[in-house]
Amino acid sequence: MATNFLGRFDSQVARVFKYAARAAWKNPKQAFFFTRIRSAQKRAAATRDRQRERGVQVPPLLIASITRRCNLNCRGCYARARRHSPRPELTDEQWQGLFEQARDLGVSIIMLAGGEPLLRPGVLDVTRRFPGVIFPLFTNGLLLDDSVVARFRGQPQVIPVLSIEGWEPETDTRRGTGVFERVAAAAEKLRTAGLFFGVSLTVTRSNFEAVTAEGLVQALIGNGCSLFIFVEYTPAAPGTEDLTLLQEQRHRLVEFSEGMQERSRPVFIVFPGDEEQFGGCLAAGRGFVHIGPDGSLEPCPFAPFSDANAVDIPLAEALGSHLLKAIRDNHAELKETRGGCALWRRREWVESLARKDQA
Ligand code: SF4
């Protein structure tokens, strides 16, 4: 598998931390943390290189959905669309063990998602043990009270990321009446506490203009937001494909994000962003990989297919599973030029790989 894209991907990751140090100008302790973490990131990239020489493909980014449970019921929620697994959710100790393996393999960033991750407050005891790993924690913000804010203090490696869909109308339409107001209150708590935090905006064909409006971004910056993650909508169920971004919207989203990055302090990221510059789909361990609430290794949160579980086998072995390897080896075919997600478009093939292996 051609790996020359990894150098470019690693430098993108390093660039994000440069911008993060700049974005944290009001909080010298946080700014110093981001400057210091850059050397830890370099060491992690070197570890990944060594692992690759040993035949183990380790991505810089791991997405850990630590629970299925959620206190909201948003329209088109991909987590709720997942098939129910008979296996129990991992315990805090099991997640700690997995994060240790990931760190030792060279994973730099562990995104904490769900469901609602703050329904598992114990995870904040686990993250405390990993000062060299960055944990963006994607939350709907409803459980962000003073005690949780206090637990974020002293953990600059944990970055709260509040999920919204735009202004109040867009957010409440998808997430429920009154949610935008409660998220705004959570943001105010984080700002008052002087914490580095961000927002994630799910971008669809219909809310594109609303979430790429500079007015919205400037207002959020005014509310203390230092990180913007634009998540391209990926269908979670057949019949929702018309919400995916058109190709021209995808290009405009990357341009908007890069333009904002040039003229403002916060960090701007598009996920998965312009995969073409990295030779196609970054899932399945090329750039990132997903671990489900029960420990199953999956190519991506939006492609819930698996043939390996990190409870049964070491993470290094699970990263080499037949399914993940087959997707990596065929990444050139997984280029999406019409908008949307290549794995979703090829989901029958992906599912057949997972099934074959389970059989
Ligand atoms: S908050 Fe997230 S996990 Fe919960 S229902 Fe909404 S989209 Fe799904």
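This is a predicted model: local features need pLDDT of at least 70, side-chain atom pairs count only at pLDDT 80 or more; totals for chains, interfaces and linings use all residues.
Q: What is the volume of the largest cavity?
A: The structure holds three cavities of 30 Å³ or more. The largest cavity has a volume of about 610 Å³.

Q: Which element gives the largest share of the lining of the largest cavity?
A: The lining of this cavity comprises 32 residues, and those nearest its centre are Tyr78, Gly114, Phe138, Ser163 and Arg175. Two or more lining residues come from each of β2 (109–113), β3 (135–139), α6 (168–175), β5 (198–203) and β6 (227–232). The largest share, three residues, comes from β6.

Q: How many charged residues are in the lining of the largest cavity?
A: Sorted by class, the lining has 17 nonpolar and nine polar residues. The charged residues in the lining number six.

Q: Which residues is phenylalanine 34 in contact with, leaving aside its neighbours within four places in sequence?
A: With its neighbours within four places in sequence left aside, its contacts are Phe17, Ala20, Ala21, Ala24, Ile134, Ile159 and Phe196.

Q: What does helix α2 reach from its first C-alpha to its last?
A: Helix α2 spans residues 28–53, which makes 26 residues. At 1.5 Å a residue, 38 Å is expected, and the helix comes close to this with a reach of 38 Å.

Q: Near what value is the phi of glycine 55?
A: Glycine 55 follows α2. Its phi is positive, near 90°.

Terms used. Residues are numbered from 1 along each chain as its sequence is written. Side-chain values use heavy atoms; hydrogens and water are left out. On a 1 Å grid over the protein atoms alone, a cavity is a set of points where a 1.4 Å probe fits but cannot get out, and a pocket is an open set with protein on both sides within 12 Å along at least five of seven lines; lining residues have an atom within 4 Å of a point. Grid points are joined across faces, edges and corners, and a volume is the space filled by probe spheres set on the points. Helices (H or I, at least four residues) and strands (E, at least two) are DSSP runs, numbered from the N terminus. Ala, Val, Leu, Ile, Met, Phe, Trp, Tyr, Cys and Pro count as nonpolar, Asp, Glu, Lys and Arg as charged, and the others, Gly among them, as polar. Contact means heavy atoms within 4.5 Å. The expected span of a helix is 1.5 Å times one less than its number of residues.
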